[in-house]
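Below is a short report for a reader who has not seen this structure before. Please look at the sequence and the model first.

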Amino acid sequence: MSHHSGKRAVGGFVAGGAIGALGGLIGLGGAEFRLPVLKGVFHLETLEAVIFNKAMSLIVVTVALIARSVTILSTELFEYWPIALNLLAGSLIGAWLAAGSAIRMNAKTLDYVVFSLLVGLAALMIVQHLANPGPTAEPMLDDGTVRWVAGFVAGLGIGAIAAFLGVAGGELLIPTITLLYGVDIRLAGSLSLAISLPTMLVGMLRYAGADAFTVLGRERSLFTGMGLGSAAGAVAGGLAIGLVAPDWLIVLLAGILLLSAWKAFGDARRN
């Protein structure tokens, strides 16, 4: 390993550890925080950062889904297959179309799109915290055609956002599953992961034709270091949940995300 690759690996481990710890504390994969870091600290082009982020998110979601299967059995999740199918019908299409659009966009336009979506996610984190519907909620709509259409449209938007940012989309999927279908938030987390996995795979297949896909081979050291750091950080963050007052933690992290996005995508605003 060259000196440059070694520095990238160490830097990736440290950044991945910090991001993983944040994700572990609030129950997210941390991909929202990872994207501005990849752009602003490691100086990847925006499309490269999105593809790198999506590959990393795939690993995190796969590991998380396996880990959660210890407490939430797949047979229990299978009972909710109509919900997963409803959201997947939209998210797979949204991911495919959005990834194709991202490949064709010029760099400046993509910067604007990604920055706007990151700001929107930060705002959503704050709104969700303030609204705090609790572990369960009554379904917003009764089972039927109208709810199926609402689920399809929601999936379409979630899949598109996940493809544009390289995230798993849990911040959007979990409240959608909880509020639209009235599912317990614990089950909603696992359902979210089960829906995210095929959605991200579709996005990755679409990105495979882009020149920027070569970033995964060129940045192997960074990817390995960040992957290991993310895993270690997620464990540490999860263990530290009881040591940190949660009341305004999400609001604080949303503020950090806003500042990171503003710094990383500043060129798009100035030019």
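Is glutamate 48 buried or exposed? Glutamate 48 is buried, with a relative accessible area of 13%; buried means under 20% relative accessible area, exposed means over 50%, and partly exposed is in between, using a 1.4 Å probe and protein chains only.

## Basis of the report

This is a predicted model, in which local features need pLDDT of at least 70, side-chain atom pairs count only at pLDDT 80 or more, and totals for chains, interfaces and linings use all residues. Residues are numbered from 1 along each chain as its sequence is written, and side-chain values use heavy atoms, with hydrogens and water left out.

## Salt bridges

A salt bridge is a side-chain nitrogen of Lys or Arg within 4 Å of a carboxyl oxygen of Asp or Glu. By this rule there are four salt bridges.

One of them joins glutamate 48 to arginine 218, at 3.1 Å from N to O. Glutamate 48 is in helix 3 and arginine 218 in helix 10, so this pair ties together parts that are 170 residues apart in sequence. Helices are DSSP runs (H or I, at least four residues) numbered from the N terminus. Arginine 218 is partly exposed, at 47% relative accessibility.

Another links glutamate 219 and arginine 8, whose closest N and O atoms are 2.7 Å apart. Because glutamate 219 lies in the loop between helix 10 (215–218) and helix 11 (220–239), and arginine 8 in helix 1 (residues 3–26), the pair ties together parts that are 211 residues apart in sequence. Glutamate 219 is buried at 9% relative accessibility, and arginine 8 is buried with a relative accessible area of 14%.

Arginine 147 and aspartate 143 also meet through their side chains in a salt bridge, at 3.4 Å from N to O. Here arginine 147 is buried, at 12%, whereas aspartate 143 is exposed, at 69%.

## Two serines

Serine 192 sits in helix 9 (residues 185–207) and is buried, with a relative accessible area of 2%. Leaving aside residues up to four places away in sequence, serine 192 touches Gly170, Leu173, Ile174 and Ile177, where contact means heavy atoms within 4.5 Å.

Serine 260 belongs to helix 12 (residues 249–264) and counts as partly exposed, at 25% relative accessibility.

## A loop residue

Histidine 43 is in the loop between helix 2 (31–40) and helix 3 (46–68). Histidine 43 is exposed, with a relative accessible area of 62%. The phi angle of histidine 43 is near 60 degrees, a positive value in a residue other than glycine.
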